[in-house]
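Morning, everyone. Please bring the model up on your screens, and we'll walk through a few local features.

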Amino acid sequence: MNYLSINGVDVSNLVSGLKVGFETLVSEDSGRNANGDTVLDIINRKAKIYVTFRPMDGNEMARLLGAISSYVVDVSFRNPQTNTISTVTAYHGTPEPEYYWIHNNQVLYKSFNLNFIEL
């Protein structure tokens, strides 16, 4: 099942954990008023997608890094609010693949986390 694609590349089989947060953005005018009441000026809501990628071999890592080679990417993910696939344009954190071992021209990378924040 395809539940996570980056720039059209299905990376669902590389995922070991997926969490979706929904951030509410408020204006700088939000806060407490003179009466001590909270005043909120909601300006938008954005998704933040937290992904844990499983250990990968060299080819899988190259495919993933190729999909995120640009800083701004289109991310399609299973949206828990709608139970459908949603697509957002997002930027991502710095990928930090770490070698687990290199042996006889075979490579294995450790699992790592990467977040995608909707623009």
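One definition before we start: partly exposed means a relative accessible area between the buried range, under 20%, and the exposed range, over 50%. Keep in mind that this is a predicted model.

Start with Asn7. Its relative accessible area is 37%, so Asn7 counts as partly exposed. Asn7 sits in the loop between strand 1 (4-6) and strand 2 (9-10). Now the backbone. Most residues other than glycine have a negative phi. Asn7 is not a glycine, yet its phi is positive, about 50°.

Next, Asn105. Here too phi is positive, at about 65°, and again the residue is not a glycine. Look for Asn105 in the loop between strand 10 (99-103) and strand 11 (106-109). Asn105 is exposed, with 81% relative accessible area.

On to the rings. How many aromatic pairs does the structure hold? Three. One of them is Tyr71 with Tyr91. That pair is tilted: 5.7 Å centre to centre, with 40° between the planes. Tyr71 lies in the loop between helix 1 (58-67) and strand 8 (72-79), and Tyr91 in strand 9 (residues 84-92), so the pair ties together parts 20 residues apart in sequence. Tyr71 is exposed at 52% relative accessible area. Tyr91 is partly exposed at 30%.

Another ring to look at is Tyr50. Lys19 lies over its face, 4.6 Å from the ring centre.

Last, the surface. Val26, Leu40 and Ile42 form a nonpolar patch there. Together they have about 260 Å² of accessible area. Ile42 belongs to strand 6 (residues 42-53). Ile42 is partly exposed, at 41% relative accessible area.

Methods. Residues are numbered from 1 along each chain as its sequence is written. This is a predicted model: local features need pLDDT of at least 70, side-chain atom pairs count only at pLDDT 80 or more; totals for chains, interfaces and linings use all residues. Side-chain values use heavy atoms; hydrogens and water are left out. Patches are made of residues with over 30% relative accessible area and no salt bridge: like charges are joined within 9 Å, nonpolar side chains (Val, Leu, Ile, Met, Phe, Trp, Tyr) within 5 Å. Accessible areas come from the Shrake-Rupley method with a 1.4 Å probe; for residues, only the protein chains shown count as cover. A salt bridge is a side-chain nitrogen of Lys or Arg within 4 Å of a carboxyl oxygen of Asp or Glu. Helices (H or I, at least four residues) and strands (E, at least two) are DSSP runs, numbered from the N terminus. Buried means under 20% relative accessible area, exposed over 50%, partly exposed in between (1.4 Å probe, protein chains only). Rings of Phe, Tyr and Trp (its six-membered ring) pair if their centres lie within 6.5 Å; planes under 30 degrees apart count as stacked, over 60 as edge-to-face and the rest as tilted. A charge sits over a ring if NZ of Lys or CZ of Arg is within 6 Å of the ring centre and within 35 degrees of the ring normal.
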